[in-house]
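Hi everyone, thanks for making time.

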Amino acid sequence: MSGAISCGSPIWHPFTQHALQPVMTPIARSEGAYLFTPDGTRILDAISSWWVVTHGHRHPRIVEAVKAQADTLDQIIFAGFTHAPAEALARELVALAPEGLSRVFYSDSGSTSVEVALKMALGYWRHMGVARTSVIVMEGSYHGDTIGTMSVGERGVFNAAYAPLLFDVKRIPFPRPGREEETLNALAAHCAEAPAAFIVEPLVLGAGGMRTYCPEVLAAMKRICEAHGVLFIADEVMTGWGRTGTLFASTQAGISPDILCLSKGLTGGFLPLAATLCREDIFAAHYSMDRARTFFHSSSYTANPIACAAGLANVQVWREEPVAQRVATLAAWQNAGLEPFRDDPRFENVRRCGTITALDLKVGDAGYLAQVAPRLMAYFLERGLLLRPLGNTLYVMPPYCVTQGDLAEIYAAIDAAPGVLA
Ligand SMILES: *Cc1c(COP(=O)(O)O)cnc(C)c1O
């Protein structure tokens, strides 16, 4: 076969253009907010290894729980069987989640948690004997990279090749400041056409560019869905576990979603695990002597005991350590770090939601935009910082154990970043 590309590894990396980035950075060890290369070079993990690590890498409690679980029970089938870590974690999740979410369905990634949510919603209406099958989504959203989750996410270069496989959805505009009414009106109009569900990322659209909107809009969207009997799916895969300043972003709006998707920080970022929580009546609609009403979904590794033990340890860290206080302190430090950029003419849309900050680098030439992120990423890496801009959007989403000194390094590098592109 011709066209073989010579390189040292057989690995095809995610979201990586191998022609432009032939060499990957090897990481040998992690601790707290830091990664270490095999030669001992320290890299500050300013994006929590793609938004998953909350307390810091290798939190001792989670390490211990995983070790102990590995010595007891590894993996078992979860259809017709159960185990203590899954049971204990499910009880904790129901206790911690917004009120009214009484059932927990386990899977293994954010994408699968969203697929499960969509299937729960469609199954609910089918079993209720109501013809509601369409889904409303928000412009600029990201819900994963499987066919179903791409369908409900923003369309673009990332999924253009797969468009023929994606299903149609109804879109509402992002609630830009001052234009919130347009979003709410569009939602009300779509809701009037008897859709099955509305899926949204509460308060922050992550991969869509860390775009933030206020709790009042989130609450208003929930009220509209409720008034029309449309199921409200909160995708808190990224926003959950403290990122927005509270354990879940939904609570800031005082809402209880009908279905809630959790993953990323669910194990503190230690192991892959996801949970989709739902209202009792959604479970009840599937509860029947008729096998045809079974919820036909499973992943092989559903509720893996070791991952559940990590999830349970994460919950214990939240309950027994001053995590809420750490989150509040980090949010304040982040705010202070961002302050000088608020009237810096080189940046715009300077924003923060809880522990997450973001700002857009002004880039004159639009054609040049695609090169900005990889060039900046390389620059940050040279300075020992893992930052991965989304286009011209720079964002900082560190683990909660990061120090004020670490943040100072990050913001100094951001301050010097425009010069690198000049
Ligand atoms: C990351 C993310 C997902 C997908 O999670 P994976 O674990 O990568 O499949 C879904 N929704 C949101 C909001 C995310 O940020």
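Which residues line the largest cavity? They are Phe380, Leu387, Arg388, Pro389, Leu394, Tyr395 and Ile414. Before I go on, a word on ground rules: this is a predicted model, with local features needing pLDDT of at least 70 and side-chain atom pairs counting only at pLDDT 80 or more, while totals for chains, interfaces and linings use all residues. Residues are numbered from 1 along each chain as its sequence is written, and side-chain values use heavy atoms, leaving out hydrogens and water.

A cavity here is a set of points, on a 1 Å grid over the protein atoms alone, where a 1.4 Å probe fits but cannot get out; a pocket is an open set with protein on both sides within 12 Å along at least five of seven lines, and lining residues have an atom within 4 Å of a point. Volume is the space filled by probe spheres set on the points, which are joined across faces, edges and corners.

For the classes, Ala, Val, Leu, Ile, Met, Phe, Trp, Tyr, Cys and Pro are nonpolar, Asp, Glu, Lys and Arg are charged, and the others, Gly among them, are polar.

Now the ligand. Its surrounding residues (a heavy atom within 4 Å) include Trp51, Tyr142, His143 and Glu201. The shell divides into four nonpolar, five polar and three charged residues. For polar contacts (N or O pairs within 3.5 Å), a polar side-chain atom of serine 111 sits 2.6 Å from a ligand oxygen, and serine 111 belongs to helix α4, residues 110-128 (a DSSP run of H or I, at least four residues). A ligand nitrogen is 2.7 Å from a side-chain N or O atom of aspartate 235. Lysine 264 places a polar side-chain atom 2.7 Å from a ligand oxygen. The protein buries 83% of the 380 Å² that the ligand exposes when taken alone (Shrake-Rupley, 1.4 Å probe).

Finally, the second largest pocket: about 1100 Å³, lined by 36 residues, with Phe78, Arg103, Val104, Phe105 and Phe283 nearest its centre. By class, that lining has 18 nonpolar, 12 polar and six charged residues. Thanks, all!

Terms used: A polar contact is a pair of N or O atoms within 3.5 Å; within protein, one must be able to donate a hydrogen and the other to accept it, and residues adjacent in sequence count only if both atoms are side-chain atoms. Helices (H or I, at least four residues) and strands (E, at least two) are DSSP runs, numbered from the N terminus.
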